[in-house]
Amino acid sequence: MTSLYPIMLNLADQAVGVIGGGQVAARKIKTLNLLGIIPVVVSPQLNPQINRSQIKWIADTYHYHYVQDLRLLLACTDNRRVNHQIRLDASSKQIVNNVSDQQDSDFFNMATIVQSDLVVTVSTRGHSPARAKHVKQVLERLLQQQKL
Ligand SMILES: C[C@@]1(CC(=O)O)C2=NC(=C\c3[nH]c(c(CCC(=O)O)c3CC(=O)O)Cc3[nH]c(c(CC(=O)O)c3CCC(=O)O)/C=C3\N/C(=C\2)[C@@H](CCC(=O)O)[C@]3(C)CC(=O)O)/[C@H]1CCC(=O)O
Ligand SMILES: NC(=O)c1ccc[n+]([C@@H]2O[C@H](COP(=O)([O-])OP(=O)(O)OC[C@H]3O[C@@H](n4cnc5c(N)ncnc54)[C@H](O)[C@@H]3O)[C@@H](O)[C@H]2O)c1
């Protein structure tokens, strides 16, 4: 993807859905929670790293009716067909991240540091998530050292 534009999305009164409850979902939920967002999670199983008190869990496989009122959707199952179906089902008001296919996503997630009102994000335009993670860790140390 070449045309990417970073923004802070206003999600007041709009809910977020995570479909799938595995390792990748756990990482995305952690960041949502850091930002004070309690997502709806649709998944028959939950990774133990997911804090159940910080989500609204629907213990079932994906059906569109569970997510039709949600604004932002993170398609995080380990089934590429299901993740793609979530994007196909989405209305024009919904924005979808398909974790198994960059080209099938409306947006990418960013490595995110949250320190009260300060939010620092890192993106590699989808090229190297591991690099984004590394730069985030360096920035975390810098913020701490410099007391910024
Ligand atoms: C930044 C972060 C935010 C977050 O999602 O939390 C994030 N990935 C993170 C971590 C991470 N992801 C992966 C590893 C193992 C890497 C390794 O070991 O090499 C690790 C490291 C770890 O887990 O430790 C593997 C991976 N990631 C993607 C694919 C598929 C693909 O490339 O298409 C695969 C291969 C899957 C496979 O195995 O096939 C795709 C995406 N990952 C993105 C974001 C988006 C682009 C970000 C950007 O522009 O830089 C994008 C495009 C879509 C999206 O998900 O939005 C988070 C930072 C962690 C932090 O903050 O600490
Ligand atoms: N974008 C990223 O950051 C990134 C990073 C690594 C891997 N991936 C991709 O993410 C996918 C998921 O990886 P993972 O490690 O989280 O897998 P995982 O096996 O840990 O978790 C998969 C989850 O999906 C759920 N699930 C399966 N079918 C479902 C359905 N029909 N409806 C609802 N939930 C369903 C399972 O119950 C489980 O909770 C992989 O396919 C991988 O290619 C993406």
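Which residues does Asn 97 touch, leaving out those up to four places away in sequence? I looked this up in a predicted model, and the list runs Lys 28, Leu 73, Leu 74, Ala 75, Ser 105, Phe 107, Phe 108 and Asn 109.

Next I checked where Asn 97 sits: it belongs to strand 5, residues 95-98. Its relative accessible area is 5%, so I put it down as buried, the cut-off being under 20%. I also found a polar contact of 2.9 Å between the side chains of Asn 97 and Asn 109.

Asn 109 took me to ligand 1. A backbone N or O atom of Asn 109 is 2.7 Å from an oxygen atom of the ligand. For Gly 126, again through a backbone N or O atom, I noted 2.6 Å to a ligand oxygen. Lys 133 uses a polar side-chain atom, at 2.6 Å from an oxygen of ligand 1. The protein covers 63% of the 1,100 Å² of accessible area that the ligand has on its own.

I then went through the shell around ligand 1. Helix 4 gives the largest share, five residues. By class I have six nonpolar, seven polar and five charged residues.

Last, the cores. The largest nonpolar core has 14 residues, and Val 18, Ile 29, Val 41, Ile 50 and Ile 55 touch the most other members. Helix 1 contributes the most to this core, four residues. Leu 73 was already on my list of residues touching Asn 97.

Terms used: Residues numbered from 1 in each chain as written. Chains lettered and ligands numbered in written order. Predicted model: local features only at pLDDT ≥ 70, side-chain atom pairs only at ≥ 80, totals over all residues. Heavy atoms only, no water. Core = buried A, V, L, I, M, F, W, Y, C linked by side-chain atoms within 4.5 Å. Buried < 20%, exposed > 50% of the residue type's maximum accessible area, 1.4 Å probe, protein only. Helix = DSSP H or I, 4+ residues; strand = E, 2+ residues; numbered from the N terminus. Polar contact = N/O pair within 3.5 Å; in protein donor to acceptor, adjacent residues only side chain to side chain. Contact = heavy atoms within 4.5 Å. Areas by Shrake-Rupley, 256 points an atom, 1.4 Å probe, with all protein chains shown as cover. Nonpolar A, V, L, I, M, F, W, Y, C, P; charged D, E, K, R; others polar.
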